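The following exercises concern a single protein chain. Please examine the sequence and the structure before reading each solution.

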Amino acid sequence: MDSLTFRRICAYALDYIFIILLTTMVSQIRFLNPSYDEYVSAYNDYAVMYDEVVDGNFDAVNSAEFKNIYYNLDKYSVSVSISTIVIYLLYFVGFQKWNHNQTLGKKAFNISVTSKNKKVSIWQMLLRTLIIYNIIFEVLSLLALWIFDANVYLYVDMALTFIVGIFFYINGGIVIFSKKHLGIHDLICKTEVKDVVNNGN
């Protein structure tokens, strides 16, 4: 693994930690999360059922009770999910574009997003963010809450989560092990991450 790839991974990790802290703080703001008490109750119920599964009671996953708890857990966190999507877009699209194509993580490791056209457009940054941070799947998961009932939603959401996980590892593997270290998002958006010095920013 070369230095640029290592710094790119470190920048990603730093940004991820920052976003997790930010979204956690936002989720505690009551008027942005009016279903907070219901969410806490659903989470406690989920924790109890999850412990049963860990202890070997795998039949609990297919029970109507678990499906309802899982459904309610996501239902009562819709406002948090929407707030999280907005924060991701503001940070990775708006702030990064405004800050010379750098997030705080990229700035800390002296790298930035570049384009073959020299100037990264707002649409490239938006599409790149939608792909990297699985926002499309987050939106699909939210839509599934309103389309499907508790019995079906569990399996739809688990399928989406599985696809996201597979994509994450494949994309990460391509970035780390491919010759040019371009991820799927880079190939689609015609972008790459380079040293700021080499990029002239």
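## Helix packing and overall fold

**Exercise 1.** Determine whether the crossing of α2 and α3 is left-handed or right-handed, and describe its geometry and the residues involved.

*Solution.* Step 1: in this predicted model, helices α2 and α3 cross in a left-handed manner. Step 2: the residues in contact on the α2 side are Tyr39, Ala42, Tyr43, Asp45, Tyr46 and Met49, and those on the α3 side are Glu65, Phe66, Ile69, Tyr70, Asn72 and Leu73. Step 3: sorted by class, this contact comprises 9 nonpolar, 1 polar and 2 charged residues. Step 4: α2 spans residues 36–54 and α3 spans residues 64–75; the angle between them is about 140°, and their axes lie 9 Å apart.

**Exercise 2.** State how many helices and strands the protein chain has, and give their pattern along the sequence.

*Solution.* Step 1: the chain contains 10 helices and 2 strands. Step 2: in sequence order, these elements give α-α-α-α-α-β-α-α-α-α-β-α.

**Exercise 3.** What are the dimensions of the box filled by the C-alpha atoms of the protein chain, and what percentage of its residues is buried?

*Solution.* Step 1: along the principal axes, the box is roughly 55 × 35 × 30 Å. Step 2: of the 201 residues in the protein chain, 37% are buried.

**Exercise 4.** Among contacts with a separation of 6 or more, what percentage comes from residues 24 or more positions apart?

*Solution.* Such pairs account for 69% of these contacts in the protein chain.

Conventions:
Residues are numbered from 1 along each chain as its sequence is written. This is a predicted model: local features need pLDDT of at least 70, side-chain atom pairs count only at pLDDT 80 or more; totals for chains, interfaces and linings use all residues. Side-chain values use heavy atoms; hydrogens and water are left out. Axes are lines fitted to C-alpha atoms, for helices over the stretch in contact, and angles run from 0 to 180 degrees between N-to-C directions. Helices (H or I, at least four residues) and strands (E, at least two) are DSSP runs, numbered from the N terminus. A crossing is left-handed if the near helix is turned anticlockwise from the far one by less than a right angle, and right-handed if clockwise. Contact means heavy atoms within 4.5 Å. Ala, Val, Leu, Ile, Met, Phe, Trp, Tyr, Cys and Pro count as nonpolar, Asp, Glu, Lys and Arg as charged, and the others, Gly among them, as polar. Buried means under 20% relative accessible area, exposed over 50%, partly exposed in between (1.4 Å probe, protein chains only).
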